[in-house]
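Colleague: I am new to this structure and would like to learn how to read it. Could you take me through a few features, giving the general idea before each case?

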Amino acid sequence: MINKKDIMDLKDYIYYMNIALDEARKAYCEDEVPIGAVLVDWEGNILSRAHNRVIQLRDPTSHAEIVAIREAALKIGNYRLNNTILFVTVEPCPMCMGALIHARVQRLVFGTEDKRWGGASSLYRIGSDKRLNHQIDIVSGIMEEECRDLIKRFFSEKRTSPWVERYRSGRNGGDSKSLCPVRAGHVGSNPTLSAI
């Protein structure tokens with residue numbers, strides 16, 4: 001539940017979650033699991049924004065949350081991200097929750113739970129574990145339906161159609177329902193792959 005005396009109100013939470021959703025859509029278009037994150041300081045300045053890049057970087061730790069933490073730490077010149085808020089579309093996994101604790105992120109705001117991998121509230125409660133030397137304020141359910149729908153759409157497509165077929169059938173920006181614009185270097189604009 002959001003504290004009425006909080007520095008941010010629901011309108012602010014929705015604003016930043018929309019930015020995280022934009023990042024998640026980028027991941028979707030890159031055929032990465034569509035999770036996006038944005039890290040802001042206590043004044044609301046964006047320190048970093050990121051999306052999953054595990055496949056692209058061939059790095060199993062390149063979750064949106066980890067990439068956002070790395071970029072913000074480089075930007076401010078410190079591995080401690082005190083007085084920051086991470087907005088992420090899907091509940092972080094245990095690895096990401098551990099990184100949030102080590103980075104001393106103050107608050108986590110996420111859209112939808114992850115019943116299989118959730119490290120914040122649905123499977124584990126790492127951020128509120130009193131045995132650790134830092135706890136994270138956790139707010140969930142911000143734009144839950146939009147966040148859940150994007151991740152469900154992605155995995156539904158993964159189960160029902162081969163990768164190239166998704167691009168030929170509209171994931172490449174060929175229809176009005178597409179999330180991915182056609183751009184140079186994108187599979188949907190590649191005449192060789194489009195001809196398959």
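This is a predicted model: local features need pLDDT of at least 70, side-chain atom pairs count only at pLDDT 80 or more; totals for chains, interfaces and linings use all residues.

Colleague: Let us begin with the pocket; what volume does the largest pocket have?

Modeller: Rolling a probe the size of a water molecule over the atoms shows where empty space is left. Here a pocket is an open set of points, on a 1 Å grid over the protein atoms alone, where a 1.4 Å probe fits, with protein on both sides within 12 Å along at least five of seven lines, and lining residues have an atom within 4 Å of a point. A volume is the space filled by probe spheres set on the points, which are joined across faces, edges and corners. The largest pocket has a volume of about 790 Å³. Of the 29 residues that line the largest pocket, Val33, Asp114, Trp117, Ile151 and Phe155 are the closest to its centre.

Colleague: Which helix gives the most to the lining of the largest pocket?

Modeller: Helices are DSSP runs of H or I with at least four residues, strands are runs of E with at least two, and both are numbered from the N terminus. Helix α5 gives the most to the lining of the largest pocket, with 8 residues, while α2 (54-57), α4 (94-103) and α5 (144-160) each supply at least two. The lining of the largest pocket divides into 13 nonpolar, 3 polar and 13 charged residues, where Ala, Val, Leu, Ile, Met, Phe, Trp, Tyr, Cys and Pro count as nonpolar, Asp, Glu, Lys and Arg as charged, and the others, Gly among them, as polar.

Colleague: How many salt bridges does the count come to?

Modeller: A salt bridge is a side-chain nitrogen of Lys or Arg within 4 Å of a carboxyl oxygen of Asp or Glu, and by this rule the count comes to 10. One of them joins Glu157 and Arg153 (3.3 Å, N to O), and these residues, being 4 apart in helix α5, are separated by about one helical turn. For exposure, buried means under 20% relative accessible area, exposed over 50%, and partly exposed in between, with a 1.4 Å probe and protein chains only. Glu157 is buried at 15%, whereas Arg153 is partly exposed at 30%. Another salt bridge pairs Asp129 with Arg131 (2.7 Å, N to O), where Asp129 is buried at 19% and Arg131 is exposed at 76%.

Colleague: What is the nearest side chain of opposite charge to Glu65?

Modeller: Lys and Arg count as positive and Asp and Glu as negative, with His and the chain ends not counted. Glu65, found in helix α3 (residues 64-76), is buried yet has no salt bridge, and the nearest side chain of opposite charge, Arg70, is 11 Å away. Contact means heavy atoms within 4.5 Å, and Glu65 touches Ala37, Leu86, Val88, Val90, Pro92 and Cys96, not counting residues up to four places away in sequence.

Colleague: And is Gly44 buried or exposed?

Modeller: Gly44, in the loop between β1 (36-41) and β2 (46-51), is buried, with a relative accessible area of 14%. Leaving aside neighbours within four places in sequence, Gly44 is in contact with Met8 and Tyr16.

Definitions and conventions. Residues are numbered from 1 along each chain as its sequence is written. Side-chain values use heavy atoms; hydrogens and water are left out.
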